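Subject: A structure for you to look at

Hello,

Here is the structure I promised to pass on. Have a look at it first, and then read on for what turned up.

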Amino acid sequence: MKANIQHIEAHGVKGMKSIPWRKKFKSAEAMNAWVEKNDAEVHAARVIEPGEQIFR
C-alpha cells in the first residue's frame with residue numbers, strides 16, 4: 001500500500017430492514033459505487049490517515 005493513499009471508513013444502514021453496516025473503502029468513488037449497488041445509506045464517514053491504526 002502506498003503511503004499517500006487515504007482510505008475512508010463509513011457506516012450507516014442498508015436495505016429495507018435498515019441493517020447496520022461499517023466498512024472501509026479505498027476512495028470516495030468506491031464508497032459511492034458500493035452504496036448505490038447495495039441500496040445503502042451513509043450516516044457518517046471519515047478519512048483514515050496513512051499509518052493510523054483502526055480498532056475492530
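Which residues make up the largest nonpolar core? Keep that in mind while I sketch the overall layout. One caution first: this is a predicted model.

The protein chain has three strands and one helix, and from the N terminus on its elements follow the order β-β-α-β. Of its 56 residues, 23% count as buried. Among contacts with a separation of 6 or more, 46% are between residues 24 or more positions apart.

Now to the strands. E1 pairs with E2 (residues 19–25) in the antiparallel sense, over seven bridges. One of the pairings links Lys14 to Ile19 in E2. These two strands form a hairpin with four residues between them, and Gly15 in the turn has a positive phi of about 80 degrees. E1 is also joined to E3 (residues 40–48), again antiparallel, by eight bridges. There, Val13 has Glu41 in E3 as its bridge partner.

Back to the core. The answer is a set of eight residues: Ile8, Ala10, Trp21, Phe25, Met31, Trp34, Val35 and Ala40. The elements that give two or more residues to this core are E1, E2 and helix H1 (28–37). H1 provides the largest share, three residues.

Leaving aside residues up to four places away in sequence, its contacts include Phe25, Ala28, Met31 and Ile48.

The helix deserves a look of its own. Which residues of H1 are buried? They are Met31, Trp34 and Val35. These three lie on the same side of H1, because they cover an arc of only 100 degrees around the axis. In general, an α-helix has 3.6 residues a turn, so residues three or four places apart point the same way. E1, E2 and E3 are among what covers the buried residues of H1. If you turn the model around, the face of H1 that points away from its buried side carries the exposed residues Glu29, Glu36 and Lys37. After H1 comes Asp39, which has a positive phi, near 50 degrees.

Enjoy exploring it, and write back with any questions.

Best wishes

Methods:
Residues numbered from 1 in each chain as written. Predicted model: local features only at pLDDT ≥ 70, side-chain atom pairs only at ≥ 80, totals over all residues. Heavy atoms only, no water. Pairing = 2+ DSSP bridges. Buried < 20%, exposed > 50% of the residue type's maximum accessible area, 1.4 Å probe, protein only. Contact = heavy atoms within 4.5 Å. Core = buried A, V, L, I, M, F, W, Y, C linked by side-chain atoms within 4.5 Å. Arc of directions from axis to C-beta.
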